[in-house]
Amino acid sequence: MKKYDKIVFVSTDDTAGSPIADGIMRKLSVGRELIIASRGMIVLFQEPINPIVIDVAERRGVTLGHRMTTAFSEDDIGDRNLILTMTEKQRDMIYETYEDAINVYTIQEFLGAEGDVEIPFGGGEEEYKEYFERINILVRLVAEKLFTEEKEEKDN
C-alpha cells in the first residue's frame, strides 16, 4: 500500500517553483494513482504562472499549459498527503497557520538534505533554466524515493 495519495508542491506565489515541480512529477508518475498539485502560500487572486517558466519547462518536455495560480488551503492537508515546500519559511508558515498540518517538509528536507530552493526573482532565462534543472533533479529524487518505498511495501 502506498504511503501518499496526493503530493502538494508549495512555493510562495505558485508562479514558478511549485508549478515546475508539479509538471515534472506529473510526467514521472504517469500511470500511477497519485494526485499532484501546485499551490502558493500567498495568492491573493488567480494569475497565470510566469511565462519564462512555461517556456523553459516546455523546452525541456514539461508542459505547464495555461495554468492559473492556486492558494494553499486546509483542503491540501491530510494524513495521506505529502506537502513539499521550496523553503523552510513556507514549511513553517504551514505549520503555524494550520494546526492539523502533517507530512510537511521542504523538498530538500524530505530528501535528507538542508537548504532552500530560492526562486531567481528578477532573473532572466538563464537563471530560470538553472532553477528548472535544480528542481528537476530534486523532484526526480523525490519520485525515486516514493516509488522505491511503494515497491518495497508491495514486495513485503
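**Stop one: a charged pair**

Pick Asp5: its relative accessible area is 30%, so it counts as partly exposed (20% to 50%; under 20% is buried and over 50% exposed, with a 1.4 Å probe and protein chains only). This is a predicted model, where local features need pLDDT of at least 70, side-chain atom pairs count only at pLDDT 80 or more, and totals for chains, interfaces and linings use all residues. Numbering runs from 1 along each chain as its sequence is written, and side-chain values use heavy atoms, leaving out hydrogens and water.

Arg80 sits in the loop between H2 and S3, 75 residues from Asp5 in the segment before S1 (helices, H or I, of at least four residues and strands, E, of at least two are DSSP runs numbered from the N terminus).

Next, select Glu125 and Arg59, another salt bridge, with closest N and O atoms 2.6 Å apart. The pair ties helix H5 to helix H2 across 66 residues. Arg59 is exposed at 54%, while Glu125 is partly exposed at 29%.

**Stop two: the core**

Show Ile7, Phe9, Met25, Ile135 and Leu146: they touch the most other members of the largest nonpolar core, which has 34 residues (buried Ala, Val, Leu, Ile, Met, Phe, Trp, Tyr and Cys joined through side-chain atoms within 4.5 Å). H5 gives the largest share of this core, ten residues.

Methods:
A salt bridge is a side-chain nitrogen of Lys or Arg within 4 Å of a carboxyl oxygen of Asp or Glu.
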